[in-house]
Amino acid sequence: MFTVLDPRGYEPEREFQGISPRLDTLSGKKVGVVNLHGGNEEVMLTIAPSIKALVPDCNVVYYSAEGRWSGLPDVDWEFIKTCDAIIFGHDY
Amino acid sequence: MGMTLVECEKLGIPGVLESWDTPDMTRIAKGSFRMNGVPECRQVYTTTDPAVTDISEYAQDFIDALTTPRTETESASGIYTPPTPSRIVMTGTYDEVQDYFMGDLSRFPTDSSAAPIGWMTDGLPVVPPTEERVAAMLTGTSHSPDEMVKSSSPKGWEVTVEKVAINAVMAGCRPEYLPVVLAITFMDPPVNYPGDSSVGALYLVSGPIAKEIGMNSFFCALSPVGNPANASITRAAALVGINGFGVEVGLTCPNRTGNPIWSLTFAEATDRSPWPGLNVESGYGANESVLLGGSSAVFIVPLNSGEIASPDNLDEVLVGTPEKAAISLRSARKTGNGFLMFTPSTAKVWKEDYGFETIRELQEWLWEHTTWSKRDWANNYWLWRDPLFMEKMQARERGTMQFNPDHLDLPDDGQVPVFLDGPEQITIIVSGGDGQGWGFGGWRMKNTSIDDWR
């Protein structure tokens with residue numbers, strides 16, 4: 001019989017915070033539909049007009065991020081910060 | 001995964017992440033949310049079933065995710081304290097231990113695109129890490145078992161000396177190998193999302209310890225197979241990534257095709273090189289042992305140039321002339337740094353016949369001749385996506401490039417160095433058996449002392 005030790009690392013204590021308050025409605029708001037890593041055009045390009053169809057006075061903007069795997073560059077954040085709400089997709 | 005959404009939530013922008021509706025993918029995303037400090041980020045799960053073609057039906061789910069008021073749990077802030085894990089995970093027979101570490105492979109449906117992945121192994125049976133074996137392994141270092149070595153992605157876990165020793169036991173290491181495994185863990189463990197490349201992470205051992213522990217730097221130096229040290233250290237690095245830091249192959253690192261080998265550790269033939277070893281080149285002493293390399297997308301193209309014994313007898317295709325080496329290194333732009341690898345015999349040719357008396361001379365010649373035209377720099381769309389390039393060249397707006405001021409006045413066919421930081425970005429490695437051979441590749445090189453972990 002073997003008594004074996006756990007090879008896994010330790011998860012440290014972490015501070016956490018809640019999600020930000022939701023919007024009352026998407027009417028009159030700008031919603032960014034952001035394709036984060038490429039390859040997800042099929043879903044995100046479908047979702048954007050579908051939301052627009054359900055909320056006609058919502059400004060839905062499809063956006064293909066320039067950043068790839070190491071975080072987003074300033075140009076992407078400049079767009080994101082203009083939005084009232086964000087939908088991210090990333091092909092997995 | 002999920003980090004960008006967390007940043008948005010912290011900025012006060014409500015968001016939602018679209019994710020595949022597979023249990024593993026949603027679990028990985030939730031773990032990323034927790035690690036980055038906003039555990040209750042919302043997701044909408046879309047199907048991976050190709051039979052479902054109408055994605056628009058998910059639109060209302062996205063609207064709801066952005067407009068349904070937060071629950072009490074979603075609003076809460078505080079300190080997350082994970083459950084304290086048991087030091088001993090199980091007791092059982094050899095086969096039961098193997099089954100435990102492999103995990104329940106039946107949870108992966110055989111008709112799915114998700115192939116079974118071992119839970120706490122690299123897919124092979126492991127040496128059971130008993131208390132006695134781990135204690136014996138820890139004799140390979142003077143460091144305390146409780147000393148924290150590293151905290152790293154993908155799950156932000158912390159790894160102690162003992163945890164590294166446990167994984168080294170599982171991999172089949174001997175105690176004298178442990179300082180190398182600890183140095184790998186400390187410097188840059190194989191946890192990144194390396195992309196599709198020859199090797200996920202490449203580690204080179206330079207200095208006396210390679211000989212002391214019997215690493216192979218002769219024939220088949222790049223092949224971990226057959227040599228106990230090369231093979232088990234290579235495996236231990238992978239296990240530290242999987243168990244120590246939570247790598248889940250195909251999930252935390254969904255590379256499209258992946259890497260023929262996840263990580264590779266090999267040794268420099270310091271004693272047969274005509275030049276000083278990389279330990280010396282890296283600022284250490286000849287008697288110091290150093291680890292070089294790192295965890296990133298590495299490509300290696302080993303070539304056999306058996307036709308040559310001197311530059312007067314050149315094979316047209318595979319000969320590693322300086323000119324061809326410079327052309328080859330042009331492809332290393334994406335990885336940040338490049339390297340040339342010579343057998344000791346070929347290194348001797350380069351020193352005696354090509355006249356590169358020092359590594360510095362060779363680096364400088366290669367740096368001057370490894371260039372792209374200004375036009376090529378501007379036209380390579382993918383450079384846009386390279387954060388290192390972005391940092392160096394500061395892309396200003398789409399379709400334009402801001403060149404180094406020294407290069408702004410060049411004509412379109414003016415030559416710009418591939419390695420922007422200078423000749424030291426080209427590493428010269430000497431390893432391998434007798435006979436002519438060379439290779440080239442790209443990596444992002446770091447270095448750290450192995451002796452510090454003895």
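Which residues of helix α6 (residues 131–138) of chain B are buried? They are B:Arg133, B:Val134, B:Met137 and B:Leu138, where buried denotes 20 or more other C-beta atoms within 10 Å of a residue's own, exposed 12 or fewer, and partly exposed the range in between, with C-beta atoms placed from the backbone. Because these residues fall within an arc of 140 degrees when seen down the axis of α6(B), they line one face of the helix; the arc is that of the directions from the helix axis to the C-beta atoms. The cover over the buried residues of α6(B) includes β1 of chain A as well as α7 (161–171) and α8 (178–187) of chain B.

The model is predicted: local features need pLDDT of at least 70, side-chain atom pairs count only at pLDDT 80 or more, and totals for chains, interfaces and linings use all residues. Residues are numbered from 1 along each chain as its sequence is written, while chains are lettered from A and ligands numbered from 1 in the order in which they are written.

**Chain B and its domains**

Chain B contains 16 helices and 15 strands; helices (H or I, at least four residues) and strands (E, at least two) are DSSP runs numbered from the N terminus. Of its 454 residues, 46% are buried. An automatic or database domain assignment divides chain B into domain 1 (3–75), domain 2 (131–370 + 420–453) and domain 3 (376–417). The C-alpha centres of domain 1 and domain 2 of chain B are 39 Å apart. Their contact takes 5 residues from domain 1 of chain B and 5 residues from domain 2 of chain B, a contact being two residues whose C-beta atoms, placed from the backbone, lie within 7 Å.

Between the chains, 48 residues of chain A are in contact with 80 residues of chain B. On the chain A side, α1(A) gives the most, with 6 residues.

An open sheet of 5 strands spans both chains in the order β4(A)-β3(A)-β5(A)-β1(B)-β2(B), with parallel pairing; strands pair if DSSP finds at least two bridges between them. Its edge strands, β4 (59–64) of chain A and β2 (43–46) of chain B, each pair on one side only. Two of the pairings are set out below.

Helix α1 (residues 3–11) of chain B lies across β5 of chain A and β1 of chain B, running at about 165 degrees to β1(B). Helix α2 (residues 23–35) of chain B packs on the sheet, touching β1 and β2 of chain B, and its direction makes about 145 degrees with that of β1(B). Axes here are lines fitted to C-alpha atoms, for helices over the stretch in contact, and angles run from 0 to 180 degrees between N-to-C directions.

**Backbone geometry in two loops**

Most residues other than glycine have a negative phi, and most peptide bonds are trans. A cis peptide bond, with omega about 5 degrees, joins B:Ser153 and B:Pro154. B:Pro154 belongs to the loop between β5 (148–152) and β6 (157–160) of chain B. B:Cys220, although not a glycine, has a positive phi of about 60 degrees, and this residue is found in the loop between α9 (208–212) and α10 (228–245) of chain B. B:Cys220 counts as partly exposed because it has 14 C-beta neighbours inside 10 Å.
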